[in-house]
Amino acid sequence: MTYQPKAIPDSQMTLPKLPGWVTSRHAETLETVAFRSGAALAVLDQLVSNARNGVPVKLLANRLALSAATSTSKLEGRLAREADIRDAYHLTPPGEARGPDGDLLAFWRETVRLRLNGPGELADLIRPDRAEDVGVWLDVGQECTRTHGPLAGCVAVFRAVLEVDDRAERVACLLSDIVLARAMNWKQVLPVSAQRLTKAALRDLTAEGQGGDFAVQARVLASIDDTLRLARDLARRAEALRRVAPKLRAKGSHAAVDVFLSEDAVAPASMLSPRIRGTSIPMTDRAARRFCDRLVELGVARELTGRSTFRLYGIAS
């Protein structure tokens, strides 16, 4: 019998959330978008900046990286599925080419590991000949943030980048996320901007000015709302995983649980065996597979691929 952990009520975890009088409003003007985004970002900041809320921020960032990769694949015209992007990254043997889908996820996973020290650290993600442009684009976004707020700063970056290169959607989304992270004083980048964007919205932004501003800000706001819900949900799922951890008797089980609390997809053969990632604790391939299957039995993890071999596991959703 599969054990299903009891749902953890919000009142028990006292997770910050948006009040109904904010969520019930419709974003019909730039002013209402700005107002709602301020409230949403304040709550999101509480969730990710206060460890007592239990949000697994590394897991959240990696989950957003996968979503951003899927979204930017559409913006770039490839239309790869989320599962294909995830598999291309996680299941490609070391030393072999991941292909464009795997490389796209690698780009976003490297993004969430940026230290936000300046444009120089972006050299490995963006063409070296664009280093000077990157500094200018970030300055444009940050100045607009100071005068008109974070979403306006994001839009300013999109316009500045795409007016120079209308095929640089990936770079525009990355720099928008950096501007947002700096505005919020976050320690890491959360890939938020790309989630709800469309090619048409970005095209209108450079063509229509103010009207395009509203459309893109509204889409970024919708993505922030999505991220809020995801953060709250992951906090509940993480708490359920932590609660069953004492039932796990495998050597190194607590370290293996930590991997699940940081990685969106866990490959037993490479992340848990022959040593648990980030530790010197040994775990055989068989023990790693049994550990993952045990988490599935306890209802706190799920198998992501539907295959009998080359499996990936993630925290239950």
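Helices here are DSSP runs of at least four residues, numbered from the N terminus. The model on screen is predicted.

**Stop one: helix α11.** Now pick Arg237 and Asp233, whose side chains meet in a salt bridge, 3.3 Å from N to O. Because Arg237 and Asp233 are four residues apart in helix α11, about one helical turn separates them. An α-helix has 3.6 residues a turn, so residues three or four places apart point the same way.

Arg236 is partly exposed, at a relative accessible area of 25%, and Arg237 is partly exposed at 32%.

Move along to Arg243, which forms a salt bridge with Glu239 at 3.3 Å between the closest N and O atoms. Arg243 has a relative accessible area of 48%.

**Stop three: a loop.** Select Arg277, in the loop between α13 and α14. Arg277 touches Val259, Glu263, Ser270 and Met271, leaving aside residues up to four places away in sequence. Arg277 and Val259 are 18 residues apart in sequence, with their C-alpha atoms 7.1 Å apart.

**Last stop: helix α3.** Select residues 30–49, which reach 27 Å from first C-alpha to last. Among the buried residues of α3 are Val33, Arg36 and Leu44.

Notes
Residues numbered from 1 in each chain as written. Predicted model: local features only at pLDDT ≥ 70, side-chain atom pairs only at ≥ 80, totals over all residues. Heavy atoms only, no water. Helix = DSSP H or I, 4+ residues; strand = E, 2+ residues; numbered from the N terminus. Expected span 1.5 Å × (residues − 1). Buried < 20%, exposed > 50% of the residue type's maximum accessible area, 1.4 Å probe, protein only. Contact = heavy atoms within 4.5 Å. Salt bridge = Lys/Arg side-chain N within 4 Å of Asp/Glu carboxyl O.
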